[in-house]
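The report takes the helix pairs and then the pockets.

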Amino acid sequence: YTAFYSGHTSFAAASMTALWLILLSRGAPRWSLALAGASGFSLVFLTAVYRVLAGRHFLSDTLIAALAGFAVAWCVAWIHRPRTG
């Protein structure tokens with residue numbers, strides 16, 4: 001049974017993006033942004049790979065889910081951005 005789209009992958013992508021955006025907005029050093037980005041990308045990639053290997057999703061399901069997770073986290077961060085003047 002395969003379902004469109006992968007909730008596991010979209011959650012991993014949204015979490016990774018939210019963490020990275022929080023670190024960025026708080027002025028985190030570049031090394032921590034790089035570390036968070038690399039580990040977050042690895043988490044999303046491995047989640048997608050394991051969902052496909054387990055036979056639960058197709059590759060397209062995981063790709064769309066990763067894009068959707070990124071987009072949702074970015075939109076939420078943009079809506080809640082601090083307003084100046």
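In this predicted model, helix 2 (residues 30-53) and helix 3 (residues 59-79) cross at roughly 155°, and their axes come within 9 Å. Helix 2 is therefore roughly antiparallel to helix 3. The term applies to angles over 145 degrees. Axes are lines fitted to C-alpha atoms, for helices over the stretch in contact, and angles run from 0 to 180 degrees between N-to-C directions. Helices are DSSP runs (H or I, at least four residues), numbered from the N terminus. The crossing of helix 2 and helix 3 is right-handed, a term for a near helix turned clockwise from the far one by less than a right angle.

Which residues of helix 2 meet helix 3? They are Val 44, Ala 48, Arg 51 and Val 52, and they meet Leu 59, Thr 62 and Ala 66. Contact means heavy atoms within 4.5 Å. Ala, Val, Leu, Ile, Met, Phe, Trp, Tyr, Cys and Pro count as nonpolar, Asp, Glu, Lys and Arg as charged, and the others, Gly among them, as polar.

Helix 1 also packs on helix 3, at an angle of about 35° and with the axes 7 Å apart. Their crossing is right-handed. Among the residues that meet are Ala 13 and Leu 21 in helix 1, and Gly 69 and Trp 74 in helix 3. The contact divides into ten nonpolar, five polar and no charged residues.

Now the pockets. A pocket is an open set of points on a 1 Å grid over the protein atoms alone, where a 1.4 Å probe fits, with protein on both sides within 12 Å along at least five of seven lines; lining residues have an atom within 4 Å of a point. Grid points are joined across faces, edges and corners, and a volume is the space filled by probe spheres set on the points.

| Pocket | Volume | Lining by class |
|---|---|---|
| Largest | about 280 Å³ | ten nonpolar, two polar, one charged |

Helix 3 gives the most to the lining of the second largest pocket, with six residues. Helix 1, helix 2 and helix 3 each supply at least two.

Residues are numbered from 1 along each chain as its sequence is written. Local features need pLDDT of at least 70, side-chain atom pairs count only at pLDDT 80 or more, totals for chains, interfaces and linings use all residues, and side-chain values use heavy atoms, without hydrogens and water.

Key:
Parallel < 35°, antiparallel > 145°, perpendicular 65-115°, else oblique.
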